[in-house]
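Here are my notes on the model you sent.

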There are 2 protein chains.
Amino acid sequence: MKKTPEIEKNASTEEQIKEAARRVFTRKGYAATRTRDIAEESGFNLALINYYFRSKEKLFDIIIVEQLQLFIHSLMGIVNDPATTLPEKIDLLISHYIDMLVQNPGIPIFILNEINADPEKLIEKLGVSNTIRGELVIARQWKEMAAAKKITVNPIHVMMNTISLTIFPFVGSPLIRNRTGMTLEQFNEMMQERKKLIPKWINAMIMTS
Amino acid sequence: MKKTPEIEKNASTEEQIKEAARRVFTRKGYAATRTRDIAEESGFNLALINYYFRSKEKLFDIIIVEQLQLFIHSLMGIVNDPATTLPEKIDLLISHYIDMLVQNPGIPIFILNEINADPEKLIEKLGVSNTIRGELVIARQWKEMAAAKKITVNPIHVMMNTISLTIFPFVGSPLIRNRTGMTLEQFNEMMQERKKLIPKWINAMIMTS
DNA sequence: AAGAAAATTAATCACCTGATTAAAATCATT
DNA sequence: AATGATTTTAATCAGGTGATTAATTTTCTT
């Protein structure tokens, strides 16, 4: 009997194809990516990509679900941790995402664009699995703080703002860099600064409403 | 001699095709849009789109340059107006863009995505024409205010933040609405609230650095 | 009303792209 | 080394897509 069934044996090249696909898909989007691009990027024959994954769409589904989970999973871990205070959570979230985005600046625009192209389809894919049943720890902490400090801002605004300030600069990076003449290094330095600045700003917002 | 040369005569259907193209391109992006989609959306025959515009790409170039200019032109008008103060400018900018985005929520993700797909190509198209030679009025006003009030924040951060807080909610709208269960009406109401909130927040940021 | 110019359409072409197939190469087991 | 299973490749197919062509309809000018 075979000791190493197909799955383990192929793990290497299968993974290589997936990595190549991830690079090409995130760079050009689903529609603009040809199966041949992935073949070329991976260095393997065109037919192999259909041998391992049954079609371009199946491969894409795997990639984007992985990216979405990468994006959302860590969020839930931080947001639902009873051991940290609310301000600590905000610090952690911002720091975490900036680090991730410095390394993968293309992910947000990729995800947002594919969601935009077909909202229902993608949203159902992360769907119920990521919907927390009970109340989030961060929600309880917010209510406590809001009550104690007589805060009236809509927490959705706060959430929106945190995400906006953290993610959008990466989405607009090519345009921003072009208009300001910044290099990528300078841009990344600014993002490092923002790890400390954004929490301050969020706090200032909460207090001035 | 002909009084109405082709251009005026065709303005109507030519414009209809352009409008249809704008809708389809902004919804699906360049690569996912087939010339036949535009034909169908406009109600005219496939060949007409090549009769008026020579190719799919030429048509797309026209559309995206128009959208970019729509986006940037009003910006320059506000930002370079000596008649308004700096806080007034911020108010105006935010108000203006929220109004525009409520009506065309698909524009930012469309533009950002196509820029991402091929940064150089698009950026050169708006290129020099939109590069202001002299110092912007808003830049002078910023320096004056910064000096008077001893402000040390990097103005690029302030700019980034204003844009982020204004535009990003629209980019993330499908995801945000899905996670919070908001309707489109509720979402748009929140955006109206933000017309007043964002300037407050920006001001709070500037003061707490 | 006639004829020319312009607008619109149906039919078609050449190429691209996702996918399949059958053959070749590699690998594992005996 | 032989045999069978698995991986990889070259060749090919069927359908889709951007674009063109030639014919038809509409509009304009006289």
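1. In this predicted model, H9(B) and H11(B) pack with their axes 10 Å apart and at an angle of about 160 degrees. Axes here are lines fitted to C-alpha atoms, for helices over the stretch in contact, and angles run from 0 to 180 degrees between N-to-C directions. The two helices H9(B) and H11(B) are therefore roughly antiparallel; the classes are under 35 degrees for roughly parallel, over 145 for roughly antiparallel, 65 to 115 for roughly perpendicular, and oblique for the rest. Helices (H or I, at least four residues) and strands (E, at least two) are DSSP runs, numbered from the N terminus.

2. The crossing of H9(B) and H11(B) is right-handed; that term applies if the near helix is turned clockwise from the far one by less than a right angle, and left-handed applies if anticlockwise. On the H9(B) side the contact is made by B:Val158, B:Asn161, B:Thr162, B:Leu165, B:Thr166 and B:Pro169. H11(B) brings B:Met191, B:Ile198, B:Trp201, B:Ile202, B:Met205 and B:Ile206. Two residues are in contact if their C-beta atoms, placed from the backbone, lie within 7 Å. The residues of this contact divide into 9 nonpolar, 3 polar and no charged, where Ala, Val, Leu, Ile, Met, Phe, Trp, Tyr, Cys and Pro count as nonpolar, Asp, Glu, Lys and Arg as charged, and the others, Gly among them, as polar.

3. On conventions: residues are numbered from 1 along each chain as its sequence is written, and chains are lettered from A and ligands numbered from 1 in the order in which they are written. Local features need pLDDT of at least 70 and side-chain atom pairs count only at pLDDT 80 or more, while totals for chains, interfaces and linings use all residues.

4. What does each chain put into the contact between chain A and chain B? Chain A gives 35 residues and chain B gives 35 residues. In chain B, H1 (6-32), H6, H7 (119-126), H9 (155-171), H10 (173-180) and H11 (184-207) each supply at least two residues of the side that touches chain A. H9(B) gives the most, with 11 residues. That side of chain B divides into 23 nonpolar, 10 polar and 2 charged residues.

5. Helix H6 (residues 107-117) of chain A packs on helix H6 (residues 107-117) of chain B at an angle of about 130 degrees, with axes 10 Å apart. That angle makes H6(A) oblique to H6(B). Their crossing is left-handed. A:Ile109, A:Leu112, A:Asn113 and A:Asn116 meet B:Ile109, B:Leu112, B:Asn113 and B:Asn116 in this contact, which divides into 4 nonpolar, 4 polar and no charged residues.

6. The largest nonpolar core has 81 residues, and A:Ile167 and B:Ile167 touch the most other members. Such a core is a set of buried Ala, Val, Leu, Ile, Met, Phe, Trp, Tyr and Cys residues joined through C-beta atoms within 7 Å. Not counting residues up to four places away in sequence, A:Ile167 touches A:Tyr97, A:Leu101, A:Pro108 and B:Phe168.

7. Chain A has 11 helices and 0 strands. Buried residues make up 29% of its 209 residues; buried means 20 or more other C-beta atoms within 10 Å of the residue's own, exposed 12 or fewer, and partly exposed in between, with C-beta atoms placed from the backbone. A:Lys150, in the loop between H8 (137-149) and H9 (155-171) of chain A, counts as exposed, with 6 C-beta neighbours inside 10 Å.
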